[in-house]
Structures are given as C-alpha cells and as structure tokens.
Amino acid sequence: MKPNMKIFDSMKEIFDFRRFGKYFVADIKGCTANYGLSLLLISLSGVMVYLMNAAIALLTRGHWSSLPEEIRFAVFCMAAIVLVVSMPVKCYGSVTDKRSGSAFILLPASTFEKYLSMLINCIIIIPGLFTAAYLSLDWLLTVLDPALESTTSEVFGKLFSLISEGSRELAELSLDSLQINPFSGIDDTITMIMVFLLGALCFKSGKTVKTILSLIIVGIGVSLVISPIAVHWFSTHFADINLESMNRAEAVELFKGTFRSLTILDTILDLTVLAGLFIVTFLRLKTIKH
Amino acid sequence: MIQIKDISFSYGETPVLKNITMNLEQGRIYGLLGENGVGKTTLLTLLCGLKKVRSGSIEIDGRNPWKREPSLLGLQYFLSDEVAPVNMKALAYADAYGRFWPNFDLGIFKEIMEVLETETDKKMNAMSCGQLKKTYISFALACGCKYLYMDEPTNGLDIPSKSQFRKAVMKYTPEDSTILISTHQVRDLENIIDPIIILDRQDVLLNASVSEITSKLYFDYSNVLSPDALYSEMIPGGAIQVKVNSTGEDSKVNIEALFNAVHKHKELVKGIFNK
C-alpha cells in the first residue's frame with residue numbers, strides 16, 4: 001500500500017464525513033428519545049409560569065395579571081440553568097451504564113466522531129432549540145397579551161446595552177480593546193455545559209449532585225490557593241496607598257495596569273479551563289471501559 | 001483471525017486472566033465454558049475492545065481492538081448478557097444503528113424477529129427481558145459480522161426460542177465468521193459449538209475441536225461403571241462416563257460431562273491434549 005493511502009486510511013479511522021453524518025443523525029434521534037420531552041417542558045416553562053401567575057391572579061384578585069419582564073427574564077435564566085444541568089445527563093449519562101455504554105462504545109464510529117456529535121448537540125443544537133422555542137413562545141405571549149411591554153429577547157437586548165455601556169465606561173480606563181464582551185456569558189455557559197457533560201461521563205450515579213459538589217470543592221480549592229496570593233500581591237503593591245486622598249483621575253491611573261492584567265488573566269483562565277474541559281472530556285470518552 | 005498472546009487482566013488486586021494464549025480461527029463457533037468468575041465475560045470484553053489488557057496482546061486481523069477503530073468495530077458485534085432497554089421501537093433502533101455495520105440487513109433483522117416471535121414495532125423499554133434479548137439477538141445476527149461475541153445468549157429465552165436461536169445462528173452467520181459464545185447453558189448450544197474452550201482460574205484447561213476431543217476422550221453411555229473413568233455420573237436410563245480414548249472409538253460428546261471431567265483431572269486432561 002502506498003504511504004499516502006495508508007495515511008488516508010488512518011485518517012478515515014479518525015474522521016469520515018459520511019460516517020459522521022450517519023452517526024450525528026442517529027445521535028440526534030437518541031437525544032430526541034431521551035430528552036425530547038424534557039426539552040419541550042423546559043421550553044414551555046415560560047408559558048406555564050405565565051399561565052400559572054394569571055390563574056392565581058384570577059382566583060385571588062379576580063382579574064388577569066401579566067408577569068413583569070424581570071420575572072419572565074428570571075424564569076428564562078432558571079430554565080436555561082435547568083437545561084444546562086439536566087441535558088448532558090439525560091442525553092449522554094447512559095455512557096457510564098454497562099449495558100448502554102457498551103453499545104455506545106462499540107458502535108462503529110470513531111471516538112472523535114462520537115465526541116464531536118456530543119459537543120454539537122450539547123453546545124449548539126439543544127441549547128439553540130431551547131432558546132428558539134422559548135423566545136418564540138415568549139414573543140407569542142407578548143403578541144397575545146398587550147399588557148406585556150417587551151419580550152424576553154428585548155430584555156436581553158437592554159441588558160446587553162447596559163453591559164456595553166458599562167464596558168464603555170471601563171474603556172475610559174484606557175482598556176482599549178480589552179472591553180468587557182457582552183457575550184462573555186456564552187463562554188461561561190459552554191464551560192458549565194462541559195462541566196456537567198464531564199460529570200455525566202465520569203460519575204456512575206448521582207451525576208448532577210456529584211458534579212455540583214465537585215464544582216464546590218474545586219471552587220473552594222481554587223479560592224484557598226488564589227486568595228493568599230491575591231492578598232500578598234495587593235499588600236505588597238498597594239500597601240502605602242491612601243485611596244481617600246486621591247482624586248478619580250489618579251485612582252484610574254493607578255489601577256489601569258492592574259485592571260488590564262486581571263482582565264487578561266481572566267480571559268486566559270477562562271480559555272484554559274474550557275480547553276482543559278474539552279480535552280479531558282475527549283480523553284474520558286476514549287478510555288472509558290466496561 | 002484472533003490471536004491472543006500471553007494476556008493478563010486483573011480487577012484491582014484480583015487477577016482474573018493470567019498468561020492466556022490461544023488462536024481463534026475463522027469459520028468456527030467456539031463455546032467458551034468455565035465456572036463463575038473465571039473471566040469468560042472479561043475475555044469477551046477484552047476481545048471486543050471494552051477493556052484493555054494489562055499485559056500481552058490481542059490482535060484481530062492484525063489490529064488491536066482497544067483502539068476501537070471503526071473499521072474493526074464494523075466487523076464485530078458483542079451481545080452482552082444484560083442488554084439495554086432503549087427508548088425506541090425495535091425496528092427504528094435497528095434502522096438507526098444497523099447502518100453502521102457494513103453487512104447489516106434490515107430484512108434479516110425482521111425475518112429473525114418474526115422467527116423469534118417478537119414485535120418490531122414495540123418500544124424496547126416496554127419489552128420483557130426475553131423479548132429484549134431476542135431483539136438484540138436478531139440485531140446481532142443481522143449485522144452479518146465476521147466476529148460475533150455472545151455472552152450467555154440463551155439466558156432469558158423461552159424453550160422454543162432456544163431452538164430458533166440455534167437455527168438462526170447456523171443460518172444467518174457468514175461461513176467465514178468467528179463466533180465465540182460464553183455459556184453455562186451447554187445443553188442449549190451443545191449441537192452448534194465446536195471447538196470447546198474451558199477456562200479455569202487464570203488458565204485455559206482445554207481448547208479443542210469436537211473431533212479432537214472424541215479422538216482423545218471416549219464418552220461411554222453404557223450402564224456398566226468403569227473404575228478407570230475420569231468422570232462418571234448417573235443419568236436417567238443409565239450413566240455417562242468420560243474415559244481416555246485408548247481404542248480410537250468414536251462417541252458423542254456430552255459437554256457437561258466433559259466439563260466435569262476436565263475440572264476433576266485438570267493436569268491429566270491438559271497433558272492429554274497438549275501431546
């Protein structure tokens with residue numbers, strides 16, 4: 001066999017478009033069977049809360065009552081949290097089960113294809129479907145109920161503009177291109193999805209609880225390491241500074257460099273954690289045994 | 001061809017398989033026998049790539065199953081003792097997942113399901129244990145795999161299905177396939193397994209074809225008990241005795257008696273077959 005043919009064959013063992021397409025379709029069918037109903041219920045949660053609120057108002061006060069936009073936004077956030085926590089477990093938690101996991105591992109597709117399909121479903125398809133369904137129903141409510149002033153997506157818009165405004169203020173601190181990105185919440189969401197996906201692939205039982213406990217333990221551990229370093233750093237660099245005697249311009253000048261460094265550090269840490277989660281999840285999938 | 005070279009495996013500190021070496025040839029239906037806990041299921045899971053050997057090597061057509069390469073996965077199917085009750089209808093499941101095996105035939109799946117009297121439009125998580133097993137058996141056979149590993153396939157099957165299972169294995173598996181069946185229900189599979197492998201704790205006591213076994217051991221069904229029998233047992237209508245075949249006379253293997261004889265005289269039987 002020619003060497004380039006050999007390379008092509010070994011590449012096909014890792015990724016093949018046709019096989020991936022087949023796997024992706026089968027994976028979506030599996031996710032629909034395992035999580036379709038839950039996704040529908042979570043997407044309907046906004047409407048359900050709206051109707052419950054209206055029903056309670058009708059029964060107690062005798063008139064129709066609409067939900068304030070802040071509460072509708074809070075309901076959306078809660079629904080999104082429930083989705084992030086429950087989706088990976090319901091869709092892929094069975095990988096750790098001896099019976100279902102064996103079938104998953106031995107299905108003739110590469111680990112990379114299974115992993116990629118998992119990521120696309122968990123990060124793009126299912127959250128996308130949820131957002132589209134939830135916001136569409138929310139828009140429908142605002143069309144049907146004139147008392148509702150704005151849709152949840154409009155509340156999002158307002159929130160983003162507020163953050164942007166805040167970041168413009170921060171830009172005055174000469175942060176140049178390092179402004180706060182109003183979409184930074186997306187990478188945090190992906191990180192949380194990956195955390196719960198990894199938990200679903202690692203823990204055999206009590207997946208959600210154990211993942212949350214692990215998060216708490218890691219959080220405490222990181223704080224225990226970082227806090228003394230931060231305290232030491234601030235006490236050595238800002239020990240002799242009396243903020244009360246400074247005007248705003250002086251304070252801005254003083255903290256400019258620190259804020260810039262912290263923003264860079266935060267971005268690097270976020271990306272490192274996310275990359276680490278991607279790698280560890282793949283390795284877990286590749287080495288899972290039954 | 002499957003080549004197992006000097007493999008060892010342990011669960012933590014507990015060794016299960018130790019220095020196991022054997023070759024499994026194509027076109028054979030191997031019966032894998034052994035007491036509980038000797039590592040029959042472990043061996044099957046090592047062969048299909050669900051576990052990794054601690055030492056030694058397994059090569060299937062020159063490839064390592066632990067790498068889980070799709071091209072090798074497409075040549076094999078592992079039918080586990082416990083199967084998953086998927087939230088899908090049997091036919092939808094077969095249609096969605098069967099396409100990953102290059103030789104999968106949905107028509108054969110339906111045919112076997114019909115023979116085993118199992119509904120294809122029933123949700124798998126609503127099936128009884130036996131129906132679910134039959135669905136997976138149908139799927140496994142419809143895959144047309146070169147390597148088929150089955151762990152206790154007749155567990156949970158009703159009496160007619162056991163006979164249909166034997167017929168289906170003979171009819172629907174390709175001529176050149178290597179089938180390895182681990183079982184305690186030797187009577188269910190007595191007529192289809194050949195060669196027979198008997199695993200012991202960390203050892204292979206026997207790996208021989210039926211003709212080889214009958215050339216070296218004689219299965220005596222007469223009523224007269226012989227003192228030099230390796231194993232004897234009273235059965236309805238007489239007795240079964242396993243003796244060393246010194247006359248070259250032909251006889252029909254009784255797998256249960258063979259198993260007991262091998263276990264009773266491990267070193268002697270190993271010596272006879274390693275000559």
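Trainee: In what order do the elements of chain A run from the N terminus on?

Mentor: Helices and strands here are DSSP runs numbered from the N terminus (helices H or I, at least four residues; strands E, at least two). Chain A has 10 helices and 0 strands. From the N terminus on, its order is α-α-α-α-α-α-α-α-α-α.

Trainee: What kind of model is this?

Mentor: Residues are numbered from 1 along each chain as written, while chains are lettered from A and ligands numbered from 1 in the order written. Local features need pLDDT of at least 70, side-chain atom pairs count only at pLDDT 80 or more, and totals for chains, interfaces and linings use all residues, since the model is predicted.

Trainee: What percentage of the residues of chain A count as buried?

Mentor: Other C-beta atoms within 10 Å of a residue's own are counted: 20 or more make it buried, 12 or fewer exposed, and anything in between partly exposed. The C-alpha atoms of chain A fill a box of roughly 75 × 65 × 35 Å along the principal axes. Of the 290 residues in chain A, the buried share is 22%.

Trainee: At which residue does α2(A) bend?

Mentor: Helix α2 of chain A covers residues 17-43 and has 27 residues. The bend is the angle between axes fitted to the seven residues ending at a residue and the seven starting there. For α2(A), a bend of about 60° falls at Tyr35(A).

Trainee: Which elements of chain B do the buried residues of α2(A) pack against?

Mentor: The buried residues of α2(A) include Arg19(A), Tyr23(A), Asp27(A), Cys31(A) and Tyr35(A). Contact means C-beta atoms within 7 Å. In chain A, the buried residues of α2(A) pack against α3 (45-60), α4 (69-92) and α6 (111-144). In chain B, their partners are α2 (70-73) and α3 (90-98).

Trainee: What is the bridge partner of Phe219(B) in β12(B)?

Mentor: Strand β12 of chain B spans residues 238-244 and pairs with β10(B) in the antiparallel sense over 4 bridges. In β12(B), the partner of Phe219(B) is Val242(B).

Trainee: Where does Pro195(B) lie?

Mentor: The peptide bond from Asp194(B) to Pro195(B) is cis, with omega near 10°. Pro195(B) lies in the loop between α7 (186-189) and β8 (196-200) of chain B.

Trainee: Does Asn19(B) count as buried, partly exposed or exposed, and why?

Mentor: Asn19(B) belongs to strand β2 (residues 14-24) of chain B, and its phi is near 50°, a positive value in a residue other than glycine. Because Asn19(B) has 13 C-beta neighbours inside 10 Å, it counts as partly exposed.

Trainee: How many C-beta neighbours does Gln202(B) have inside 10 Å?

Mentor: Gln202(B) is not a glycine, although its phi is positive at about 60°. Its place is the loop between β8 and β9 (203-208) of chain B. Gln202(B) counts as partly exposed because its C-beta neighbours inside 10 Å number 16.

How values were computed: Expected span 1.5 Å × (residues − 1). Contact = placed C-beta atoms within 7 Å. Pairing = 2+ DSSP bridges.
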